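Here is a briefing on one protein chain. Look over the sequence and the fold, then read on for ring pairs, helix packing, cores and a few single residues.

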Amino acid sequence: PEAVYFPLTRDGELVGYKVKTLNLPDGNKSWQIGDTKGVDLFNWENAKKSGAYRLIITEGEGDAVAVDRIYELYGKDEYHPAIVSVPYGASQAHKSVQKHLQDIRRLFREVVIAFDNDEPGQEGARKVSLILPEAKNAILPAKDANDCIKQGLAKAAFKALQWDVSSVRNS
């Protein structure tokens with residue numbers, strides 16, 4: 001494959017795609033197709049229908065796919081969480097979560113933030129925790145969920161996502 005197309009919705013309607021190229025010599029590039037202003041969380045429609053107890057919010061679409069794969073490998077089907085991603089990265093995460101805050105609280109008993117283990121990711125997690133203080137934070141054993149799989153740390157990532165979550169320090 002040369003590119004991945006992630007569908008973007010607004011109020012349940014498909015409005016565009018985020019395109020990410022793969023395996024370019026100068027690094028992967030991404031761009032958006034369609035009217036992508038004010039879109040929902042990535043995979044939000046599936047999350048709402050899942051009936052899951054837990055919602056995991058990731059920083060990128062690829063990370064949401066990676067977390068789903070980690071749960072397929074090590075989790076039980078009946079405990080599979082709903083998994084979404086913020087559409088505009090960590091710096092705008094709080095705005096994307098704010099848009100769905102009432103539904104998040106109504107539909108899910110537990111929320112886990114699984115952003116990248118870098119300064120922007122942890123700052124984004126802190127901002128999300130200000131509007132969703134009951135959310136827990138997962139510290140993954142690599143930079144992000146994708147890297148956990150690439151580095152053979154998927155089982156450790158599952159443990160971090162499922163059992164080793166803690167409150168976000170938002171002070």
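Two residues are in contact when heavy atoms of each lie within 4.5 Å. By that rule, Ala154 touches Ile70, Tyr74, Cys148 and Ile149, leaving aside residues up to four places away in sequence. The model is predicted.

**Ala154 and helix H7**

- Ala154 sits in helix H7.
- Its relative accessible area is 9%, so Ala154 is buried.
- Ala154 and Leu73 are 81 residues apart in sequence. In space, their C-alpha atoms are 8.4 Å apart.
- Which residues of H7 are buried? They are Ala154, Ala157, Phe158, Ala160, Leu161 and Gln162.
- These buried residues pack against E4, H2, E6 and helix H6, which spans residues 145–150.

**How H2 meets H7**

- The axes of H2 and H7 are 9 Å apart, and the helices pack at an angle of about 100°.
- Angles of 65 to 115 degrees count as roughly perpendicular. H2 and H7 are therefore roughly perpendicular to each other.
- H2 brings Val67, Ile70, Tyr71 and Tyr74 to the contact.
- H7 brings Ala154, Lys155, Ala157, Phe158, Leu161 and Gln162.
- By class, the H2–H7 contact has eight nonpolar residues, one polar and one charged.

**Aromatic pairs**

- How many aromatic pairs does a search of the whole structure find? It finds five.
- One of them joins Phe6 and Phe42. The ring centres are 5.4 Å apart and the planes meet at 85°, so this pair is edge-to-face.
- Phe6 is in strand E1 (residues 3–10), while Phe42 is in the loop between strand E3 (30–34) and helix H1 (44–50). The pair therefore ties together parts that are 36 residues apart in sequence.
- Phe6 and Phe42 are both buried.
- Tyr74 and Phe158 form a tilted pair. Their centres are 6.4 Å apart, with 40° between the planes.
- This pair also links distant parts of the chain: Tyr74 belongs to helix H2 (residues 61–74) and Phe158 to helix H7 (residues 154–162), 84 residues apart.
- Are the two partners buried or exposed? Tyr74 has 35% relative accessibility, so Tyr74 counts as partly exposed. Phe158 has 12%, so Phe158 counts as buried.
- Tyr71 joins Tyr74 and Phe158 in a cluster linked by ring pairs.

**Nonpolar cores**

- In soluble globular proteins, nonpolar side chains tend to be buried together.
- The largest nonpolar core here has 22 residues. Trp44, Leu55, Ile57, Ile104 and Phe115 touch the most other members.
- Which elements give two or more residues to this core? They are H1, strand E4 (54–58), strand E5 (82–85), helix H3 (93–99), helix H4 (101–107), strand E6 (110–114) and helix H5 (119–131).
- A second, separate core has 21 residues. Val67, Ala142, Ala145 and Leu161 are among them.
- Val67 and Leu161 also take part in the H2–H7 contact.
- Beyond four places in sequence, Phe115 touches Ile57, Thr58, Glu59, Val86, Ala90 and Ala93, and also Gly121, Gln122, Gly124, Ala125 and Val128.

**Positive phi in loops**

- Asp11 has phi near 55°, a positive value in a residue other than glycine.
- Asp11 lies in the loop between E1 and strand E2 (13–21).
- At 65% relative accessibility, Asp11 counts as exposed.
- Asn43 also has a positive phi, near 75°, and is likewise a residue other than glycine.
- The loop between E3 and H1 holds Asn43.
- Asn43 has a relative accessible area of 27%, so Asn43 is partly exposed.

**Ile33 in strand E3**

- Ile33 is in strand E3.
- At 37% relative accessibility, Ile33 counts as partly exposed.
- What does Ile33 touch, not counting residues up to four places away in sequence? Its contacts are Tyr5, Val15, Gly16, Tyr17 and Val19.
- Ile33 and Cys148 are 115 residues apart in sequence and 29 Å apart in space, C-alpha to C-alpha.

Key
Residues numbered from 1 in each chain as written. Predicted model: local features only at pLDDT ≥ 70, side-chain atom pairs only at ≥ 80, totals over all residues. Heavy atoms only, no water. Phe/Tyr/Trp six-rings, centres within 6.5 Å; stacked < 30°, edge-to-face > 60°. Helix = DSSP H or I, 4+ residues; strand = E, 2+ residues; numbered from the N terminus. Buried < 20%, exposed > 50% of the residue type's maximum accessible area, 1.4 Å probe, protein only. Axes fitted to C-alpha atoms, helices over the stretch in contact; angles between N-to-C directions. Parallel < 35°, antiparallel > 145°, perpendicular 65-115°, else oblique. Nonpolar A, V, L, I, M, F, W, Y, C, P; charged D, E, K, R; others polar. Core = buried A, V, L, I, M, F, W, Y, C linked by side-chain atoms within 4.5 Å.
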